[in-house]
Amino acid sequence: MIRRLFLPLLAAALFCAPFALPAQAGPAKAALAPSCDAAAFKVILDVGHTPEIPGAISARGATEYDFNLRLARVIESRLNDAGFARTSVLLANGPAIPSLVRRVAQANAMAADLLISVHHDSVPQGFKLKWEFSGRQHEYSDRFKGHSIFVSSENADYRNSLVFGRLLGAGLKERGLQYTPHYTEAFMGGKRRQLVDAETGVYRFDQLLILKTTRMPAVLLEAGSIINRDEELVMASRERQLLIAEAVTAAVDRFCAQKPGRTQRASTQR
Ligand SMILES: [Zn+2]
C-alpha cells in the first residue's frame with residue numbers, strides 16, 4: 001500500500017498537465033533473448049515500508065511489510081536461479097520517509113539496471129468494514145482484488161520504466177492474473193491514477209518518491225490486495241508467490257534482452 005506514506009509528497013500534482021505517451025512497446029522479440037547477459041544485469045528488489053512502519057494491515061492483522069519481504073525473497077531466489085546473480089534486496093528500518101530516502105540513495109549508489117519496489121495493496125479508509133477473526137476485530141474490504149503496476153514520468157528513464165512495466169503486466173497476465181482497474185475510478189479521489197496501458201495494467205504515479213528519484217528504470221508492483229479476505233490468503237500462499245516470481249523473472253529476462261547496451265554500460269561503472 002502506498003497511499004499513506006506519500007500523501008505529504010503528492011501536493012497538487014496528481015492530476016497534472018496532459019501527457020504524451022511514448023510509443024507502445026511490446027514484448028521483446030524471441031530473437032533478441034540470447035543477448036541478455038543475466039550475470040551482469042543488476043536488479044534491485046525494494047521491500048516496501050519498514051518493520052516499524054509496516055504499511056497496510058491485512059484483513060487478518062498481518063503487516064504489509066512481512067508480505068513484501070516474503071515475496072521479495074521468493075522473487076530474489078527465482079531471479080538467482082535464472083542467472084540474475086546480481087539481484088539485491090533493499091531493506092530499511094525506522095520511520096517512513098527517512099527510510100525511503102535512504103533506500104533511494106542506496107539504489108542510486110548501486111548503479112542498477114532496474115528497480116522493482118514490492119508492495120501489497122489496501123483500500124481507502126472509507127471502504128473498510130469490520131469483522132472478527134481469531135477473537136479479534138479487524139478491518140477488511142472484499143470490494144477489490146488484483147495487482148497493479150505504477151511508473152513515474154519523472155523517473156530519469158521513464159521510457160524504459162514503462163517498457164518494463166508493460167513486460168511485467170504481460171507476464172502476470174500470461175499467468176492468468178488480472179490487474180485491478182479501480183484506480184481509474186472517480187471514487188478513488190486523490191488516489192485516482194491514469195491508466196497508461198489498459199492491456200497490462202500499468203498506471204502513472206508521478207510523485208512516488210521511489211520511482212521519481214531513482215536514476216534507473218523503476219516500477220512499483222502492488223502484488224495483490226491483503227485487505228481483501230480471500231486475496232490475503234492467496235497472497236500468503238507459496239504457489240502465488242512463485243507464480244508472481246515467475247512473471248517477474250520472465251519480464252526481467254525480456255527487458256534485459258531488449259537492452260543489451262545498458263548492461264555493458266553499467267558494467268563499466270562497477
Ligand atoms: Zn505499500
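What share of the contacts in the protein with a separation of 6 or more is accounted for by residues 24 or more positions apart? The share is 77%, where two residues are in contact if their C-beta atoms, placed from the backbone, lie within 7 Å.

## Basis and overall composition

This is a predicted model, in which local features need pLDDT of at least 70 and side-chain atom pairs count only at pLDDT 80 or more, while totals for chains, interfaces and linings use all residues. Residues are numbered from 1 along each chain as its sequence is written.

The protein has eight helices and nine strands, taken as DSSP runs numbered from the N terminus (helices being H or I of at least four residues, strands E of at least two). Of its 270 residues, 46% are buried, a residue being buried if 20 or more other C-beta atoms lie within 10 Å of its own, exposed if 12 or fewer, and partly exposed in between.

After α4 comes Gly-176, with a positive phi near 85°.

Helix α4 (residues 158-174) packs with helix α7 (residues 238-258) at an angle of about 140°, the two axes lying 8 Å apart; axes are lines fitted to C-alpha atoms, for helices over the stretch in contact, and angles run from 0 to 180 degrees between N-to-C directions. The two helices α4 and α7 are therefore oblique to each other, given that angles under 35 degrees count as roughly parallel, over 145 as roughly antiparallel, 65 to 115 as roughly perpendicular and the rest as oblique.

On the α4 side, the residues that meet α7 include Val-163, Phe-164, Leu-167 and Leu-168, and among their counterparts in α7 are Ala-247, Val-248, Arg-254 and Phe-255. The residues of this contact between α4 and α7 comprise ten nonpolar, two polar and one charged (Ala, Val, Leu, Ile, Met, Phe, Trp, Tyr, Cys and Pro count as nonpolar, Asp, Glu, Lys and Arg as charged, and the others, Gly among them, as polar).

His-49, in the loop between β1 (43-47) and α2 (64-81), has a phi near 75°, a positive value in a residue other than glycine. His-49 is buried, with 27 other C-beta atoms within 10 Å.

Ala-111, in the loop between α3 (96-109) and β3 (114-121), likewise has a positive phi, near 50°, in a residue other than glycine. Ala-111 is partly exposed, with 15 other C-beta atoms within 10 Å.
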